[in-house]
Amino acid sequence: MAEPQQKQQRDRNDRRPRREEEENDGLIDKLVSINRVSKTVKGGRTMRFSALVIVGDQKGRVGCGHGKAREVPEAIDKATKQAKRSLFRVPMREGRTLHHDLTGRFGAGKVILRAAPAGTGIIAGGPMRAVFEALGIGDVVSKSVGTSNPHNMVKATLNALRQASSPRQIAARRGVKVGALLTARDGAAKSSDEAKSDETKEAGND
């Protein structure tokens, strides 16, 4: 009776590492900031480190984590684990940009994210760029207002991305077909381009 139980235990132990490898497969992590914090106590000063890490699969999933520890590697490890637990999916247009413009807030920070045509690239500051690279967005224009704190900037960006919706989701909420929604969007974009062209011609004639 003891041998079958030992065999089952070995099989379980063999399966655990594979499961962890599958969970970590395809995820990249980006260290955004490390901050050193000192606390004065009776015996002297105690030093601790805090780390902010972004994790994503570059295919539409992203998460953020914050960790504190006495050593830098431990803080980064804690932040990475927390980021992996907070992963969420963001719908993307053609796998390269957002479906629509977004605005996010956190604390004193406000960010504005705009969809961009192919070839634009990532126009963003350091902390926001790390989020977009981990997410897998290739074309986006962004602006941060009100703060340069990396924690507020990252969390405001994630707040904006959580509001993103795909045409399928919007059509389901409105009770219309996806084709009708896309036709209306393309028509609005075309009329906007024509209006800009007319303004340019009038300015040239003047």
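**Figure 1. Salt bridge between Asp57 and Arg61.** Asp57 counts as buried, at 11% relative accessibility. In this predicted model, Asp57 forms a salt bridge with Arg61, and the closest N and O atoms are 3.2 Å apart. Arg61, at 28% relative accessibility, is classed as partly exposed. This contact is one of the seven salt bridges that the structure holds.

**Figure 2. Salt bridge between Asp101 and Arg114.** The side chains of Asp101 and Arg114 meet in a salt bridge with an N to O distance of 3.2 Å. The pair links distant parts of the chain: Asp101 belongs to the loop between β4 (88-89) and β5, Arg114 belongs to strand β6, and 13 residues separate them. Both residues are partly exposed: the relative accessible area is 41% for Asp101 and 48% for Arg114.

**Figure 3. Salt-bridge network of Lys30, Arg129 and Glu133.** A network of salt bridges links Lys30, Arg129 and Glu133. Side chains of opposite charge can pair when their charged atoms come close.

Figure 4. Four strands make up an open sheet in the order β1-β2-β3-β4, with antiparallel pairing. Its edge strands are β1 and β4, each of which pairs on one side only. Strands β1 and β2 run antiparallel and are joined by 13 bridges; Ile28 stands opposite Gly56 in β2. Helix α2 (residues 72-85) packs on the sheet and touches β1, β2 and β3, its direction making about 145° with that of β3. Helix α3 also lies across β1, β2 and β3, and runs at about 140° to β1.

Figure 5. A four-stranded open sheet with mixed pairing has the order β5-β6-β8-β7. Strands β5 (102-106) and β7 (122-123) stand at the edges with a single partner strand each, so one side of each is left without a neighbour in the sheet. Strands β6 (residues 109-115) and β8 (residues 140-145) run antiparallel and are joined by six bridges. In this strand pair, Val111 has Ser144 of β8 as its bridge partner. Helix α3 (residues 126-135) lies across β6, β7 and β8, and runs at about 145° to β8. Helix α4 (residues 150-161) packs on the sheet as well, touching β5, β6 and β8; its direction makes about 135° with that of β5.

**Figure 6. The nonpolar cores.** The largest nonpolar core has 27 residues, of which Val62, Leu113, Phe132, Leu158 and Leu161 touch the most other members. At least two residues of this core come from each of β2 (44-56), β3 (61-69), β6, α3 and α4. Helix α4 gives the most, with six residues. Leaving aside neighbours within four places in sequence, Leu158 is in contact with Val62, Cys64, Phe88 and Val131.

Figure 7. Pro167, Ile170 and Ala171 are buried in helix α5 (residues 167-174). These residues cover an arc of only 100° around the axis, and therefore lie on the same side of α5. Arg168, Ala172 and Arg173, on the other side of α5, are exposed. Gly175 follows α5 and has a positive phi, near 75°.

Conventions: Residues numbered from 1 in each chain as written. Predicted model: local features only at pLDDT ≥ 70, side-chain atom pairs only at ≥ 80, totals over all residues. Heavy atoms only, no water. Pairing = 2+ DSSP bridges. Contact = heavy atoms within 4.5 Å. Axes fitted to C-alpha atoms, helices over the stretch in contact; angles between N-to-C directions. Salt bridge = Lys/Arg side-chain N within 4 Å of Asp/Glu carboxyl O. Buried < 20%, exposed > 50% of the residue type's maximum accessible area, 1.4 Å probe, protein only. Core = buried A, V, L, I, M, F, W, Y, C linked by side-chain atoms within 4.5 Å. Arc of directions from axis to C-beta.
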